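Hi everyone, thanks for coming along.

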Amino acid sequence: MKEKLYNIPLNDAADAGDECPLCYAERDMERKIMDFTLGNQSSYMERDIRAMTDKEGFCQRHFKAMFDYQNALGNAWILSTHLREVQKEMNAAMAKHETGGKPSMLAKFRKGGQDTAAEDSVAQWVKGRQGSCFICRQEEQARSRMIDIFFEMWHKDSAFRAKITGGKGFCLPHFGELCEAARTKLSDSEKQEFYDAMFRLMQDNMQRMIGDVDWMIEKYDYQNQDKPWKDSKDALQRSMQKLQGGYPADPAYRMKK
Ligand SMILES: [Zn+2]
Ligand SMILES: [Zn+2]
C-alpha cells in the first residue's frame with residue numbers, strides 16, 4: 001500500500017502564535033491530505049489509490065470537505081467506482097441477511113431486556129461503512145506521528161521547548177492528547193516538569209481567553225465604542241478553537257486552480 005509521509009513542521013506551527021500550534025500543524029496536514037486525495041496530481045486516477053478509496057470510502061465530514069474542494073470531475077471518478085463497490089457489498093449483506101421475527105424472550109433476557117434490533121446484520125454493515133474513511137485514516141496516522149515528533153522536539157530542542165512554554169498553550173483536545181502521551185513518552189522526572197509547565201500554560205491562557213471575550217462584550221457598550229478592541233476582535237473563533245480545536249472562521253479549503 002502506497003502511503004504518503006507528510007512533513008510536519010512543528011517549528012513553524014510554534015512560530016505562528018495561534019491558540020494551538022498542534023491545530024496549526026494539523027490544518028496544514030489536513031490540507032495536504034485533501035490535495036493528495038483530490039488535487040492536481042490526480043492520485044485518484046492511480047489504480048492502487050482508487051482501490052483504497054473504493055474500499056474505505058469517506059465519512060460525512062470529509063464528503064463535505066471534498067464537495068467544498070470543488071473538483072467535480074475528480075469527485076465523480078472517485079464516486080463512480082466507490083458506488084459500485086458499495087453496491088456489491090450491499091447486495092452481499094442483503095443476501096446473507098436472516099429475516100427473523102422479533103427477538104425471543106430468552107434473547108431479550110440475555111441482553112438484559114435490551115432490544116436486539118440494533119444487531120440486524122445489514123444495519124451492522126451500514127454502521128461499519130459509516131465508520132470507514134480514507135481521509136480520516138490518513139489523518140489519524142499523521143496525528144499520531146505529530147504527537148511523536150512533538151515529544152522528540154520537546155526532548156532535544158530547547159528553543160522549541162521555550163517557544164511552547166512561552167506560547168498561548170493548546171486547544172483542550174490537543175492538551176488532553178499531550179497529557180495522555182506524556183505518560184509513556186517521558187521519564188518520571190520529565191513528566192513532573194512537563195505537567196507543571198503545561199498546567200500553568202493552560203491556566204494562564206484560559207484566563208487570557210476569558211479576558212478577551214469579556215472585553216468583546218464590553219465593547220458593545222456604547223460607552224466603550226471608541227476604546228480599542230485590544231485582542232478581542234477575533235475572540236469568538238479563538239475561544240471556540242481553545243475549547244474544541246480547529247478553525248471555525250476558516251473558509252472551505254478549495255482546489256488550487
Ligand atoms: Zn489544537
Ligand atoms: Zn473522514
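So, which residues coordinate the zinc ion (ligand 2)? The answer is Cys59 through SG, His62 through ND1, Cys133 through SG and Cys136 through SG, at 2.0 to 2.3 Å. Donors here are N, O and S atoms within 2.8 Å of the metal, or 3.2 Å for Na, K and Ca, and since water is not among the atoms, sites may look incomplete.

Before going further, a word on what we are looking at. This is a predicted model, where local features need pLDDT of at least 70, side-chain atom pairs count only at pLDDT 80 or more, and totals for chains, interfaces and linings use all residues. Residues are numbered from 1 along each chain as its sequence is written, chains are lettered from A and ligands numbered from 1 in the order in which they are written, and side-chain values use heavy atoms, with hydrogens and water left out.

Back to the metal. The angles subtended by the four donor atoms around the zinc ion (ligand 2) run from 102 to 116 degrees, so the arrangement is tetrahedral; for four donors, that label requires all angles to lie between 85 and 135 degrees. For reference, the ideal tetrahedral angle is 109.5 degrees. Along the chain, the donors follow the spacing C-x2-H-x70-C-x2-C. Cys133 and Cys136 are both buried, meaning under 20% relative accessible area, with exposed being over 50% and partly exposed in between, using a 1.4 Å probe and protein chains only. For Cys133 the value is 6%. Cys171 is buried too, at 1%. As for disulfides, pairs of cysteine sulfur atoms within 2.5 Å, the search of the whole structure finds zero.

Now the fold. The chain has twelve helices and zero strands; both are DSSP runs numbered from the N terminus, helices being H or I with at least four residues and strands E with at least two. Its radius of gyration is 24 Å, well over the 18 Å that the globule rule gives for 257 residues, so the chain is more spread out than a compact globule. That radius is taken over C-alpha atoms, and the rule is 2.2 Å times the number of residues to the power 0.38. Along the principal axes, the C-alpha atoms fill a box of roughly 65 × 55 × 50 Å. Buried residues account for 39% of the 257 in the chain.

On to charges. How many salt bridges are there? The count is 23, with a salt bridge being a side-chain nitrogen of Lys or Arg within 4 Å of a carboxyl oxygen of Asp or Glu.

One of them pairs Glu19 with Arg238, at 2.8 Å from N to O. Glu19 sits in the loop between helix H1 (10-15) and helix H2 (21-38), and Arg238 in helix H12 (residues 235-244), so this pair ties together parts that are 219 residues apart in sequence. Are these two buried or exposed? Glu19 is buried at 2%, and Arg238 is buried at 12%.

Arg238 also bridges to Asp212, with the closest N and O atoms 3.1 Å apart. Through shared partners, salt bridges join Glu19, Arg208, Asp212, Asp234, Arg238 and Lys242 into one network.

Lastly, Glu139 pairs with Arg61 at 3.4 Å, connecting helix H8 (residues 134-156) with helix H4 (residues 60-69). Glu139 is buried at 3%, whereas Arg61 is partly exposed at 48%.

Methods:
Four donors count as tetrahedral if all angles lie between 85 and 135 degrees; four count as square planar and six as octahedral if opposite donors are over 155 degrees apart and all others between 65 and 115; anything else is irregular.
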